[in-house]
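Work through the exercises below with the model open beside the text. Each task is followed by a solution in steps.

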Amino acid sequence: MTNATTQLAESVRDVAWIGDTRSLAVGGADGEVRVLSPTATSAGPRSDGAGHEWEVRHSLPRDLTPAVSRLAADIHGRLAIGSDCGTVRIVDPTWNWTEYRTREPISSLVWLRTFDPHASGARLAIAAGHDVHVIDAHGRTLISETYRRGSVTCLEWLHPNTLATGGHGGVTFIGLNGPATGPAPQHEPIPDLLSPGVVLSMHLDQHGNRLTVADLRGEVRITDLRTGDELSVDGLGDRARGACWWAGGQLLAIAADDELSIWRSCPDDLEPEPIVLGPIPGPSAGPVATHLGHRLAVGDQNGVVWIIEKARPHVPVPVASVDAEITTVAWSPDDSLLAIGAANGQLLLVPTHARA
Amino acid sequence: MQACTSEPADGRLPVTLLTGDPGADTARVAAQVLGADPDAVVVVPGFTPEELLGTGCQVIEIDPEVADLEEGCSCCRVRFDLITVLHRLAARRHRVRRVVVQLDSDADAATAVQTMLGDSDLRRRCALDAVVHVVDVAASLSMLPAGHHPTHTSAEALALADHVVLNGANGLSAAAMGEVRRSLRHRAPQAALAASPHAATHAIDSPHRAWSLPATERRLLSAHDTHLAEGGNSVVRWMTLGLPGALDPDRLQDWIHDLNHQSGPDLLKVEAVFAVDDEPTRWVALGVRSTLELADGTPWKGHTRSSSIRLVGRGLDPVAVRDRLVDCLVV
């Protein structure tokens, strides 16, 4: 078993690395949110294993926040905390916060990744029950729409003016007006991607061309946003909980309930072919790729966290283990640390640079 | 096959489904059953009913949301809202001891059960303890003896129930109550009848899960059915069958396959203990619609081999089911 960096009273629901710093937020099912950062180069019980001692810098006590459902941090150090009671709290780097209320539990929180340092450029997309909201950093509503087909489970920014919303019945694209802080759309408006199932996750490849949608029925569909061409990945036995493009868009990892599989594809080609089926049984967190896309992290139901190198996709390497299901994994901004949350409330920090 | 010889203390979150006839005051029964248990969570459709306000229980409001796993296939439906909310509750176990999910009177109880049994991720975290159905005795008295039921959905929920709570029975004569009980016995012989919510509390608190393979085996072995019996009403029929002898495993697998594919959408519950030729243990099956779990049960240890099945469904043809299963016997 790997030593815990910090211990929450209940299951870790989500973690988020804040800005481009090495500060980490962790939120629990008991409502507690802690922000940790490294203090000195000394080894101790809360060490990350690379000689850094980590300590809790800020903490939101449990009585202030209902069960945390999602955390999201933008590159300017703002942390968004979503709760099971429908509140979203945006905490700025000076630990002041503003609150936005919705009617339903928060199922997804995604900041638009923008390099505009001013708050006016910030956009936070929120999925809550049947509703989708887009707000700015001050909690002002830019968009509030009801998703007609059922609940919304996941969100993905395609570019600053288009938000993909996935949920019951497929994927719907929402266009935003107002100041564009990024490039203009490169394609015609995309028709809805209809599906009889419930979309559980979406992932856009790093080129912004292929949108991969995983659903409750175990189906994974890849859509080329430039042409509208669509392809289904078959052969997954159980519900598909997540998919992730990595290795520069050459590899696609798909996590179903029963196993992880890895597929190879050219960046400009839709059709992937399986290269590794079932190297990790029962994935429960991830897959998440490093920012450079060389490695993939996956946590499983037995409490083991695996890393898969781009050069050796057939050989997953266990890097940590706890005695509870892994609930979340997240790479640090410099890809040197992997934050791991578990159902027993443990948060681990594992250095991974030595394993490259 | 995976063995099911014991009921593991697996730490999963226990869930009770609470259904009811229209106007049966199901929320009040939920409040009475749970008392002021701060570690109990009631999941209700729509807004929190008055009866649950101020009870001390945690109440979660949901919008029922049905999703198709296969387009247009009625037996491949799941309640996505239950998957979502139970997943969240299972993550905060220290403040949740048990969950009662109240279904609308027009909700499809079989879909809710199928979600609990069929979704593998949910099954790892939560276990279906029991289905409890509330009957408003006074309001339904005129319909019950004639074999009618207020709605099709509540008739199906009754057929799935492990416990039936007779609500609003105060003031009824013993003869009237006896008539109601006989009528319910005819339509839901598997269910334990509780004359009050408090009586149901003890049954619900039982450590044995009604919807588990060991419990299924215990129920069928204690029934000692040796012949074909059937009952129900125009909406839902049930049948039990005891069949001495050993079954050919290949032909039995074909029978199960045909049953699922031909009658899957209409099957509300399947319970079976199969005596399979040359197998040292019983085979135990439990399912709803086309979701069926099959595992090894207890060893035979010299007992005379005999199979027992119990089916509940729409449009059941008990004689055809029996004849088809008789064809599976090893001669």
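**Exercise 1: A glycine in a loop**

A:Gly208 sits in the loop of chain A that runs between strand E16 (193-204) and strand E17 (210-215). The model is a predicted one.

Task: Decide whether A:Gly208 is buried, partly exposed or exposed, and state how far A:Gly208 lies from A:Gly167 in sequence and in space.

Solution.
1. The relative accessibility of A:Gly208 is 27%.
2. Buried requires a value under 20%, and exposed a value over 50%.
3. A:Gly208 therefore counts as partly exposed, at 27%.
4. Along the sequence, A:Gly208 and A:Gly167 are 41 residues apart. From C-alpha to C-alpha, the distance between A:Gly208 and A:Gly167 is 20 Å.

**Exercise 2: The largest cavity**

Task: Find which strands of chain A each supply at least two residues of the lining of the largest cavity, and sort the lining by class.

Solution.
1. Searching the whole structure gives three cavities of 30 Å³ or more.
2. The largest cavity holds about 70 Å³ of space.
3. Its lining includes A:Gly170, A:Leu193, A:Val213 and A:Arg221.
4. Strand E15 (162-175), E16 and E17 of chain A each supply at least two lining residues. E16(A) has the largest share, three residues.
5. By class, the lining of the largest cavity consists of four nonpolar, two polar and three charged residues.

**Exercise 3: Where the chains meet**

Task: Describe the interface of chain A and chain B by its contacts, its buried area and its salt bridges.

Solution.
1. On the side of chain A, 29 residues are in contact with 22 residues of chain B.
2. The area buried between the two chains is about 1900 Å², and carbon and sulfur atoms give 45% of it.
3. Six salt bridges are found across the interface of chain A and chain B.
4. A salt bridge also joins B:Arg125 to A:Glu325, with the closest N and O atoms 2.3 Å apart.

**Exercise 4: The second largest pocket**

Task: Give the volume of the second largest pocket and say which element gives the most to its lining.

Solution.
1. The volume of the second largest pocket is about 550 Å³.
2. It is lined by 25 residues, and those closest to its centre are A:Asp238, B:Leu117, B:Gly118, B:Asp119 and B:Ser120.
3. In chain B, strand E5 (77-79), helix H3 (109-118) and helix H4 (120-125) each supply at least two lining residues.
4. H4(B) gives the most, four residues.
5. The lining of this pocket divides into six nonpolar, seven polar and twelve charged residues.

Terms used
Residues numbered from 1 in each chain as written. Chains lettered and ligands numbered in written order. Predicted model: local features only at pLDDT ≥ 70, side-chain atom pairs only at ≥ 80, totals over all residues. Heavy atoms only, no water. 1 Å grid on protein atoms, 1.4 Å probe; cavity = no way out; pocket = protein on both sides within 12 Å on 5 of 7 lines; lining within 4 Å. Points joined across faces, edges and corners; volume = space filled by probe spheres on them. Nonpolar A, V, L, I, M, F, W, Y, C, P; charged D, E, K, R; others polar. Buried < 20%, exposed > 50% of the residue type's maximum accessible area, 1.4 Å probe, protein only. Contact = heavy atoms within 4.5 Å. Buried area = accessible area lost by both parts, 1.4 Å probe. Salt bridge = Lys/Arg side-chain N within 4 Å of Asp/Glu carboxyl O.
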